[in-house]
Amino acid sequence: MDKPRHRPWLALLVLGLLLPSCLSQTTPSNSASPSVTPSPTAQADRLLVRLSGYPRKHNEGRVELFHKGEWGTICDDDFSIKNANVLCRQLGFVEATGWTHSAKYGKGQGKIWLDNVNCNGGEKSVENCQSRGWGNSDCTHDEDAGVVCKDERIPGFVDSNVIEVIESKLNKNYRRFTAKRKRPVTEGVVEVRYKDGWAQVCDVGWTVKNTRVVCGMLGFPHERKVNKNFYKLYLERQKSFYYVHSVACTGTEVHLAACPLEFNKPNSTFSCGGSAAVVSCMPGPLFMQNTGLKKKLKTSSNVRLKGGARVGEGRVEVLKGSEWGTVCDDRWNLQSASVVCRELGFGCAKEALTGARMGQGMGPIYMNEVKCVGTEKSIWNCPFKNITSEDCQHLEDAAVRCNVPYLGLENSIRIVGGRSGYEGRVEVQVGSKWGTVCSAGWTTKEAMVVCRQLGLGYSMHAVTETWYWDSSNVTEMVLSGVKCTGSEMSLSQCQHHKIVSCQRAAAKFAAGVICSETASDLALNASLVQQTEDCLSKSASQANWPYGHRRLLRFSSQINNIGRADFRPKAGRHSWVWHACHGHYHSMDIFTHYDLLNSNGTKVAEGHKASFCLEDTDCQEGVSKRYECANFGDQGITVGCWDLYRHDIDCQWIDITDVKPGNYILQIVINPNHEVAESDFSNNAMKCNCKYDGHRIWLHNCHTGDAFSDEAEKKFEKYPGQTSNKIS
């Protein structure tokens, strides 16, 4: 059977899927990429560009263009940094930092679409630049051009290389026993978008591997056996048109478009000989609430995602022994990323991210060059190399974005009145009524949930007075007493008053948010605290206690910003406080808590909570300092830098004069009130085993709050003061 030139759009009855090109990471560099046709509208509006090849990071690679239904490359003749700037902006990066020639990222396949490209640098698309014309080239693929883009995204850029998921219109017309369909929808008839309507897929030869791929792209980790008799009456009443004759997936593909497909030729008299393909999927634990399913899938306990703003995305961390570590991004691809996604209860991967796109981890890096096939139950079952100190740094931490089931949560919340699409007054839908939210008790945690629900990234600020935003269309207040943990998927999952009660119900006191695609992430250097274990003042042991003197526990702390945005104080410069003894301004009233706890977690000594000045004491190689305390300078901590407080300064100590000898836990918490938003608050706390004999103190097993497994953490708290540096 002849195949048409263009692939169709693929969609499903349960959910429709827009199909831009997202498969550049699914195929090795020495094989042809699948030919996938994007939306005619999207194709007309914007030329699709992607980066391919190996080895590469997410922001570099061989340039490929989608033209006339086929992917092709650009020849490096007359290529320049101006060309690279135009291409990088098309890909959503702010600019280019370089370009490559002579097929540095491997030779491409198929057409060489452009040659002798000459851009002035200001064009919106490479197709607007001068060239020899489409397909007119005297080059070979040995001359394929590549680009290196600056790893900074254009604000608000919508990535055309990401699969977008929407609800199918046919979904509402489908007959079920229940009057109202609950989300997520877990089964239905597979249909493909054809012209202005929908066409079905013949189920002759349909396999469980095909179902696995469909379920994965819809956000489900596994397939289930489906009762086709349930759909028989519906299908018999439909006038079926089968546009896809057969599908032959291997089960490792991340999208149905990557599977071999056979299409109906126009004006043919094809007869299916069967029925329409139907699938049923098993949701992960996070999405089972409304499904009525009793059997709950078990997810991995030795793999986790950290630092992501949305559900199903984050830096990949794996548990070895009792300590968490990261994965290096060498050879990181969609197959390996999909194994991680599925074992955590999500679908297959949308993106396999490199270059610490979800922030840098701390501690060990356990894996390098992971090579999953895609059928493994865990990343630990995939071949990988162990790490040596020369192999990788945390700048190369791998991350994922997973497909998750469509829940429609964004339809019940909106932000209005702001000066841009990332900020505004929060309005929610309660029943059929839209209204504002009371700002009493409104904190960063609630704002985090709002930004996540809207898909707008991280919360930068929880706004409690919105008088300076447009209030011409302000509605009445419909929600109050909102209290979230910060991990919820929607505001409706947080605690709130049954009846609205708000002392400041005026429109100017409605809750608002400012969201951002990036956020800071502070983490303490645990080893530095442990190195300053004998940190009493020099005269303490000779003092005539307790007359006239106090005994102080003093220690050093190094606070690293491992996130993707600078950490800036919430207060403006006008409210900073001058400290004469330190000779500079302090920008945060409470930045760190220091406490000594007993084995029951009871506080036995409380730290001195001085205000702080934030600055870059030192930075990673290649990162420049931006903040300093002197001369009323700007304050903050740059990404890749740290602020160091030594044990011999006066603003950091715990008074232990009244503490009896024994075993304790030293706990340090930075940004304790969450005044400044971060991508991950779980690593803001640090604990150390602390043994005190009345004169000296020994610190052991210092670690951030999320560095150890839950079991090891329980042992740590049960047996404080142990001398082993490793919990097992």
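The structure is a predicted model. Its protein chain has a mean pLDDT of 79, and 79% of its residues reach 70 or more. Strand β4 is largely enclosed by the rest of the structure, because 8 of its 8 residues are buried.

**Confidence**

- Over residues 160-180 the pLDDT is below 50.

- β4 spans residues 60-67. The cut-off for a buried residue is under 20% relative accessible area, and 8 of the 8 residues in β4 count as buried.
- Strand β3 (residues 48-52) pairs with β4 in the antiparallel sense, over 5 bridges. Within this part of the structure, S52 has R62 in β4 as its bridge partner.
- Strand β8 (residues 146-149) is joined to β4 by 3 bridges, and the two run antiparallel. Here E60 has V148 in β8 as its bridge partner.
- Strand β5 (residues 70-74) is joined to β4 by 4 bridges, again with the strands running antiparallel. H67 stands opposite E70 in β5.
- β4 and β5 make a hairpin with 2 residues between them. K68, in the turn of this hairpin, has a positive phi of about 50 degrees.

**The four-stranded open sheet**

- An open sheet of 4 strands is ordered β28-β30-β36-β35, with antiparallel pairing. Its edge strands are β28 (522-524) and β35 (618-619), each of which pairs on one side only.
- β28 and β30 (residues 557-561) pair in the antiparallel sense over 3 bridges. In this pairing, A523 has N560 in β30 as its bridge partner.

**Serine 520**

- S520 is placed in the loop between β27 (512-516) and β28. S520 counts as buried because its relative accessible area is 2%, against a cut-off of under 20%.
- The side chain of S520 reaches the backbone oxygen of A677 at 3.3 Å.
- Not counting residues up to four places away in sequence, S520 touches N561, G563, A565, D566, F567, A677, E678 and S679.

**Asparagines with positive phi**

- N671 is not a glycine, yet has a positive phi of about 50 degrees. N671 lies in the loop between β38 (662-670) and β39 (685-692).
- N671 counts as buried because its relative accessibility is 1%.
- N701 is not a glycine either, and has a positive phi of about 55 degrees. The place of N701 is in strand β40, residues 697-704.
- N701 is buried, with a relative accessible area of 2%.

Methods
Residues are numbered from 1 along each chain as its sequence is written. This is a predicted model: local features need pLDDT of at least 70, side-chain atom pairs count only at pLDDT 80 or more; totals for chains, interfaces and linings use all residues. Side-chain values use heavy atoms; hydrogens and water are left out. Buried means under 20% relative accessible area, exposed over 50%, partly exposed in between (1.4 Å probe, protein chains only). Two strands pair if DSSP finds at least two bridges between them. pLDDT is the predictor's confidence in each residue, from 0 to 100. Contact means heavy atoms within 4.5 Å. A polar contact is a pair of N or O atoms within 3.5 Å; within protein, one must be able to donate a hydrogen and the other to accept it, and residues adjacent in sequence count only if both atoms are side-chain atoms.
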